[in-house]
Amino acid sequence: MLLGVDDLETAQAYPRGKIRLHNAWLHGEGVVWGLDVQFNKARELLVTPGLALDAAGHEIHLDAPACLD
């Protein structure tokens, strides 16, 4: 059997949707860990690495510190 792109996307959509549903209904939205917000020495807004969940259950993951001027 030869699977195409649509077949593989469909196969992955169900478990991905179940994880988001679990996150949204069981855990709710908010910061899981990290994502502290502060100003650095250059007066830039600095967000530290961390993990959060949005209202739809999507994971928001930041691997490295991020700055905003």
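Guide: Strands here are DSSP runs of E with at least two residues, helices are runs of H or I with at least four residues, and both are numbered from the N terminus. Two strands pair if DSSP finds at least two bridges between them. Within this pair, Val47 has Ala66 in β6 as its bridge partner.

Visitor: Before we go on, what kind of model is this, and how are its residues numbered?

Guide: This is a predicted model, in which local features need pLDDT of at least 70 and side-chain atom pairs count only at pLDDT 80 or more, while totals for chains, interfaces and linings use all residues. Residues are numbered from 1 along each chain as its sequence is written, and side-chain values use heavy atoms, with hydrogens and water left out.

Visitor: In what order do the strands of the sheet with β3 and β6 lie?

Guide: The order is β2-β3-β6, an open sheet of 3 strands with antiparallel pairing. Because β2 (37-39) and β6 (66-68) each have a single partner strand, they stand at the edges, and one side of each is left without a neighbour in the sheet. On average, neighbouring strands of this sheet are turned by 30 degrees against each other, direction ignored; the axes behind such angles are lines fitted to C-alpha atoms, for helices over the stretch in contact, and angles run from 0 to 180 degrees between N-to-C directions.

Visitor: Which strands form the open sheet that contains β4?

Guide: That sheet has 3 strands in the order β1-β4-β5, again with antiparallel pairing. Here β1 and β5 are the edge strands, each with a single partner, so one side of each lacks a neighbour in the sheet. From one strand to the next, the twist averages 15 degrees. Strand β1 (residues 30-34) is joined to β4 by 4 bridges, with Gly34 opposite Gly50, and β4 also pairs with β5 (residues 59-62) over 4 bridges, where Ala52 has Ile60 as its partner.

Visitor: How many residues lie between β4 and β5 in their hairpin?

Guide: There are 5 residues between them, and Gly57 in the turn has a positive phi of about 90 degrees.

Visitor: Which residues does Asn23 touch?

Guide: Asn23, in helix α1 (residues 5-27), counts as buried because its relative accessibility is 8%. Leaving aside residues up to four places away in sequence, Asn23 touches Gly28, Leu53, Gly57 and Glu59, where contact means heavy atoms within 4.5 Å.

Note on methods
Buried < 20%, exposed > 50% of the residue type's maximum accessible area, 1.4 Å probe, protein only.
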